[in-house]
Structure formats: C-alpha cells, structure tokens
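Thanks for coming. I will talk through one structure, starting with its salt bridges and ending with a pair of helices. Here it is.

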Amino acid sequence: MNIAVVGLGIIGGSFAKALKKYTNHYVIGLNRTKETLAKALEQGAIDEAGSEESLAKADLVILCLYPAAAVSFVEKYGKFIKKGAVVTDASGIKREICPKMTALAEEYGFSFVGSHPMAGKEKNGFDVSDPDLYKGASYIITPCKADEESVKLVSGVALEIGFGQIKITTPEEHDRMIAFTSQLPHVLACAYVSSPSCPNHKGFSAGSYRDVSRVANINSELWSELFLENREPLMTELDILIDNINLIKDAINRKDREELKALLEKGHKVKEALGE
C-alpha cells in the first residue's frame with residue numbers, strides 16, 4: 001500500500017521507520033517542519049517527502065498529531081484524501097475526536113478507525129524515533145463506526161510493524177482506562193517531583209524514586225491537552241487516588257499501625273494477584 005504518515009515526531013517517525021524496516025509499503029511523510037522531512041528522507045525513513053496533495057494516492061493515512069491538530073488537519077485537507085482510503089490516528093484520547101472524525105469521514109468519503117499505540121519515550125521528536133519502539137506493545141483500536149475491513153487493515157499493519165496485541169474497545173472505555181493507566185501516573189509523577197526535597201534526592205534515591213518520577217519528564221503542551229480533553233474520567237481517578245492517600249495519611253497521623261498495615265497489605269495483595 002501507499003501509507004502517508006502525518007507528523008514525524010517520535011510516534012510518527014517510529015511508524016515510518018518501522019514500516020520501512022518491516023514491510024514493503026511505500027511511505028509518504030508529511031511534516032510541518034521541512035528540515036525534519038529532509039532528514040527522514042535522507043535516513044530512509046520515508047520514500048517520499050509529501051504534501052497535502054500526496055494524500056490523494058495514500059491507501060492508509062496515519063495521523064500522528066495532537067488530538068485537536070489531527071481534527072484540524074482533516075478539516076483543512078480532507079478534500080485531498082482518496083475516496084475509500086482508511087484514516088487512523090495515534091492520539092491518547094478518543095471520545096473527543098471520534099465523533100468529529102467520523103463525521104469528516106462521511107463528508108469526504110474515507111473510513112476513520114481510531115487507534116492508540118501504547119508506546120513512547122520521555123523524549124520527543126524525530127531524532128529519538130525508533131523502528132522497534134512498538135515491538136511487543138499493545139495497539140488499541142476504537143472502530144468509531146468503521147467497517148470490519150478497515151479495522152482489519154489497520155490491525156494488520158500494526159501487527160506487521162511489531163505490535164504484540166490488538167485491543168479493540170469503545171472510545172468511552174479507552175478514555176476511562178487511559179485515565180487510570182497513563183494519565184494518572186503522569187499527574188502523580190509531576191506532583192511527586194514538585195516536593196522541595198526533590199533537588200536533593202541524589203545519594204538518597206534508588207529504584208523507588210526512579211520508578212515514580214520517570215514520567216515527570218513530560219511534554220506539557222501535549223499532556224495538558226490530553227488531561228483537559230479527558231477531564232471527567234481523570235477527575236474520577238484523581239478523587240479515588242486522593243481518597244486512598246488520605247486513608248494512609250490519616251492512619252499515620254493517628255499512629256494506628258494496624259490500620260496502616262491493613263491498607264498497605266491491601267495494595268500488596270492487589271499487585272500480587274495481578275502477577276505483574
């Protein structure tokens with residue numbers, strides 16, 4: 001197929017590199033910064049440095065843009081997308097964009113399949129993109145009214161480039177679970193490193209500090225958009241976390257060792273039962 005990758009940051013760049021490494025598809029790159037396009041072409045990550053007009057020959061379009069930017073791109077350039085093509089995205093929220101993208105798909109005659117690669121790094125940009133970034137990772141698909149063949153096409157490409165499993169779900173379940181598994185840990189990490197003790201951690205820290213603080217190295221522009229667009233599920237998870245922290249805080253404050261042990265053991269048993 002001809003596959004257009006729009007946005008060659010870490011996610012889009014990794015898609016392009018993986019497609020070139022593991023498939024025979026023809027890869028067209030589109031990016032706002034021309035220097036990045038030239039670099040991708042020079043490194044063999046893409047076959048063609050394309051423009052919006054290049055969308056007319058793409059069988060599959062992968063939008064690796066911020067959620068609002070992905071919608072805006074299709075609103076502006078949807079007229080160039082080939083009739084019958086499949087368009088997918090890579091954004092971390094789905095309820096906000098799926099209805100808009102589905103409507104645009106009906107308007108312009110393509111099929112939209114929502115998707116979310118569960119992989120990344122703390123650093124951003126094409127320079128840190130990696131053809132093996134998706135090896136063994138989970139790939140979430142929200143069909144968003146797309147037909148079965150379009151879903152199969154997107155799933156097939158994901159498996160070709162190394163994803164380990166395909167998870168098909170609704171936009172609602174996606175956003176609810178991502179609030180817990182991804183967004184909440186980023187909130188926690190940023191709050192944790194905001195302690196005045198953090199600058200003095202060296203010599204006192206080991207694995208616990210590293211594990212909790214790792215994702216505080218955050219892209220604030222992207223994650224603030226994701227948090228606000230997924231406000232309700234994230235607020236629910238924050239309330240649960242705050243309530244659980246307060247239970248532990250209150251037990252410590254009362255010097256109630258039995259209650260404290262019970263709360264800690266509850267966490268231990270949950271983690272032990274999951275086996276991961």
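A salt bridge here is a side-chain nitrogen of Lys or Arg within 4 Å of a carboxyl oxygen of Asp or Glu. Before I use that: this is a predicted model, where local features need pLDDT of at least 70, side-chain atom pairs count only at pLDDT 80 or more, and totals for chains, interfaces and linings use all residues. Residues are numbered from 1 along each chain as its sequence is written, and side-chain values use heavy atoms, with hydrogens and water left out.

The whole structure has twelve salt bridges. One of them joins K39 and D127, with the closest N and O atoms 3.0 Å apart. K39 sits in helix α2 and D127 in the loop between β6 (111–117) and β7 (138–142), so the bridge ties together parts 88 residues apart in sequence. Helices are DSSP runs of H or I, at least four residues, and strands are runs of E, at least two, numbered from the N terminus. D127 is exposed, at 59% relative accessible area, while K39 is partly exposed, at 32%. The cut-offs are under 20% for buried, over 50% for exposed and partly exposed in between, with a 1.4 Å probe and protein chains only.

Next, R95 and D175 meet in a salt bridge at 3.2 Å, N to O. R95 is in the loop between β5 (86–89) and α4 (98–108), and D175 is in helix α6. D175 is buried, at 0%, whereas R95 is partly exposed, at 28%. Shared partners join R95, D175 and E232 into one network.

Last, the helices: α6 (residues 171–193) passes α9 (residues 231–253) with the axes coming within 9 Å.

Technical notes:
Axes fitted to C-alpha atoms, helices over the stretch in contact; angles between N-to-C directions.
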